[in-house]
Every structure is written in C-alpha cells, then in structure tokens.
Amino acid sequence: MHDAIVDAVHHAVVAAAAAAFVALAVALYLLWRKKRMGATTGADGLGSSQVPLPVLPLADVERATDGFHSSRVIGQGRHFTVYAATPGLAAKRMRPHLILGDPGGRRFPTALRSLTVPPHPNLAALVGLSEGPGERVLLVERASAGSVSLEALLHGASAACTQKQLPVLTWPLRAAVAAGAARGLAHLHEHGIAHGRVRPCNVLVDAAATTSRRRPRQTARVSDYGLSSFLDHEDDPGLLDVRAESDVYMFGALLLEMMTGRRWDSGRLADWALPLIRGGTIEEVLDSRAGAPADKVESRLLARTARVALACVGNDGRSRPGMPEVSAILNDVEAAYQARDGAEVAKVREKEDGEGRLSGCLLGPGRSVHKKETLLGLPV
C-alpha cells in the first residue's frame, strides 16, 4: 500500500515537472520570438527572417498529457486528436495511420518548422513541434474551455457535439465570427503566411460569446494554418493551392456557408447563391435558423456581408480584394451590430428615466455603415 502511494506521488510529481518544462520552454520561446520579430521587422511590416519553432522532447509532451490519456482529449479531427497539455496549450497528435502510411514516416517539412507569426487574439498560434517514432505532435495555443468549431455550429458535423445542445448562431454573432476570422487571416497574410485550408472546421468560436451581447475580439480564432505542406493533398481533396488569393476565395466560401447555413459542396453553393446575391434578393439565401432580418438596418448589414462574399468568390484571383480590405469592411459590420446592441440597451434606459438621451438614430447621416462599400465593386 505504501509503495503504491509512493508510486502515485512520484508519477504526479514527474507529470507536473514535465508540464512545467513544456510550459516554460514555450513561454521562453514566445518571449524570444516577440523580441526577435520586433528587431527584424521592416517598414513593410514583414519579418526579414524566420524564427524556427522549438522542438520539444516527445517524452515531455507525453508526460504533460498523461501519456496521451483519453481523459485529456478535448477534440477530434480528421487528421489529429487534440489533448489538453499545459494551461493555455494543446497537443495535436497526428493519427498514426497517416504517419505510418508514408514510406519512412511523414516528416515535418522545413516550411512548417519555420512557420512563425506574432501572437494575435484571433489566431490559435502554432508554438512548437514534437516528434518520435510513429509520432508527430503540434503544440498550439489552446482555445478557451467550451469553444466549438464553426463547422459544428453550422452543420453539427462533430459527433461529440450531439451530446450537448449547441446554440443557434444569431446574425450579430455570425458578424462577430466573420470579422474575427478575417482579422486572423489578415494577420497571417501581413506576415507572409497563407492559411491554405480556410474552412469552418478551422475556425473556433468562443462558447462564452454565444451568451453575451458584448463580445470580445477573440470571439473567433483561426486554427491549423500553414499545414498544407504537411497534410497530403490526396488526403484532403478540398484543398486549394496555398496562396493569399486562394485564402480570400475560400473565406468567401466560408461567408456563404455562414449566411446560408448550407455546405460549400464543391462550389455548388456558389452556383446557387451568387446569382441571387447579384440580383439583390439576399433574403432568399439567408439561413432561416437565424431568423429574418429584424429591420432595414440589419437587412443592409447582411446585404453588405453578402457583397463581400460575392467579391471574394465571384471575382478571379487578380480582382479579389485582399484580406485587410475584407477585414476592414467586416469590422465595420461588427461594429454596427455592437453599436446597435448598445443603442437597444440605452433605449430601454431612456424609456425608464425619460431623459431622451438617444433621440438620434444609429444610422445618422454621419455614421452610415456603407462608407466602405465602394471598396468592393460587384463583379460584372
């Protein structure tokens, strides 16, 4: 009995030490990366040199996840099983058959090893690697507890999600998610990194944001960027070439999925939705689960978002807007919703105290939410 207690205490101490080592190594790397990138950033905002990702001993990652114990699993995907590692970090363990199916085992490519980007609230950043015989593990920033993929919220694709009731995505929440994802992608492009796999399963939505009107800027976080060189194209038939303009195209596809509640379905969604958007009949494509637009203000915001999707998907690569441009417009839409929510709360207070402090309208002459509409000309 005494020996069993000693063994248990020893195991707990070793696991805690391993977790502390992993956390310390990553923290020191992040600090060093921040200083290094700050010193090597030029006038164009791009780093002039890449900082390699730290490679941590597999034994330490195994201890931090209790030997990849099933109790540590926080997510399942087509290519990875995700484990809680240290506070704020998750370990994405590649499925063994994908590694062993390649002659010599699938290796981390050089491009992935040098994939670094400064931290951003709308990114689940890749912060480290670990590998061993038959094992490939990515260390990433961990999303907040209860976060769920946009794929599950829109389509209920995850079997694990059938065990709990998922909230309906309202139009204000969809605007916040779209704006957050756009900010994350714009940040990647600013630092010379194309995502390569923009789709709902790679956008994480903060669970707390679904119950609060005042949503933080990290409502959505983009994950799994830059893995196209690591994951087989044959294993992922929906993969497009890894370029910034391709990210913009697939972001437009993501917007269409968010607006309609339908799957992309190899472009069939665009074949159906784009003619309706061009014709100005936006209401016919809207997801009925989110309800009809509450008023003309919301109708205009949804029409504006639809035009962004149209510009991203309906134009060819040379005519598509850049992600910074898309992000700026969707930020305006998100801000209009936030101002509208605030105005609604204030109107209640106005009615209660009779002061008439909000006699003006959200969309007064000087605050039109259409101020950037000319940035996205409709394709002919």
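**From the whole chain to its parts**

The protein chain exposes about 18,100 Å², and carbon and sulfur atoms supply 56% of this area. The model under discussion is predicted. Its protein chain contains 10 helices and eight strands. Of the 380 residues in the chain, 49% are buried.

Strand 1 and strand 2 are antiparallel and are paired over three bridges. These two strands form a hairpin, with three residues between them. V73 has Y83 in strand 2 as its bridge partner. On to the next pair: strand 2 (residues 80-84) is joined to strand 3 (residues 89-94) by five bridges, and the two run antiparallel. Here F80 stands opposite M94 of strand 3. As a general rule, the side chains in a regular strand alternate between the two faces of the sheet.

A further open sheet consists of three strands in the order 6-7-8, and its pairing is antiparallel. Strand 6 (148-149) and strand 8 (220-222) stand at the edges with a single partner strand each, and therefore one side of each has no neighbour in the sheet. Strand 7 (residues 203-205) pairs with strand 8 over three bridges in the antiparallel sense. In one of these pairings, V205 has A220 of strand 8 as its bridge partner. Helix 6 (residues 171-190) lies across strand 7 and strand 8, and runs at about 30 degrees to strand 8.

Helix 5 (residues 150-155) includes E151. Is E151 buried or exposed? Its relative accessibility is 16%, and because buried means under 20%, E151 counts as buried. The side chain of E151 also makes a polar contact with the side chain of R263, at 2.7 Å.

G291 is found in the loop between helix 8 (268-278) and helix 9. With a relative accessibility of 28%, G291 counts as partly exposed, because this value lies between the 20% and 50% cut-offs. G291 and L169 are 122 residues apart in sequence, while their C-alpha atoms are 9.9 Å apart in space.

At the start of helix 9, a side-chain oxygen of D295 reaches to within 3.1 Å of the backbone nitrogen of V297. How far apart are the end C-alpha atoms of helix 9? They are 25 Å apart, which agrees with the 27 Å that the 19 residues of the helix (residues 296-314) should span at 1.5 Å a residue. Of these 19 residues, 14 are buried, so helix 9 is largely enclosed by the rest of the structure. In general, an α-helix has 3.6 residues a turn, so residues three or four places apart point the same way.

Notes:
Residues numbered from 1 in each chain as written. Predicted model: local features only at pLDDT ≥ 70, side-chain atom pairs only at ≥ 80, totals over all residues. Heavy atoms only, no water. Pairing = 2+ DSSP bridges. Helix = DSSP H or I, 4+ residues; strand = E, 2+ residues; numbered from the N terminus. Expected span 1.5 Å × (residues − 1). Buried < 20%, exposed > 50% of the residue type's maximum accessible area, 1.4 Å probe, protein only. Polar contact = N/O pair within 3.5 Å; in protein donor to acceptor, adjacent residues only side chain to side chain. Areas by Shrake-Rupley, 256 points an atom, 1.4 Å probe, with all protein chains shown as cover. Contact = heavy atoms within 4.5 Å. Axes fitted to C-alpha atoms, helices over the stretch in contact; angles between N-to-C directions.
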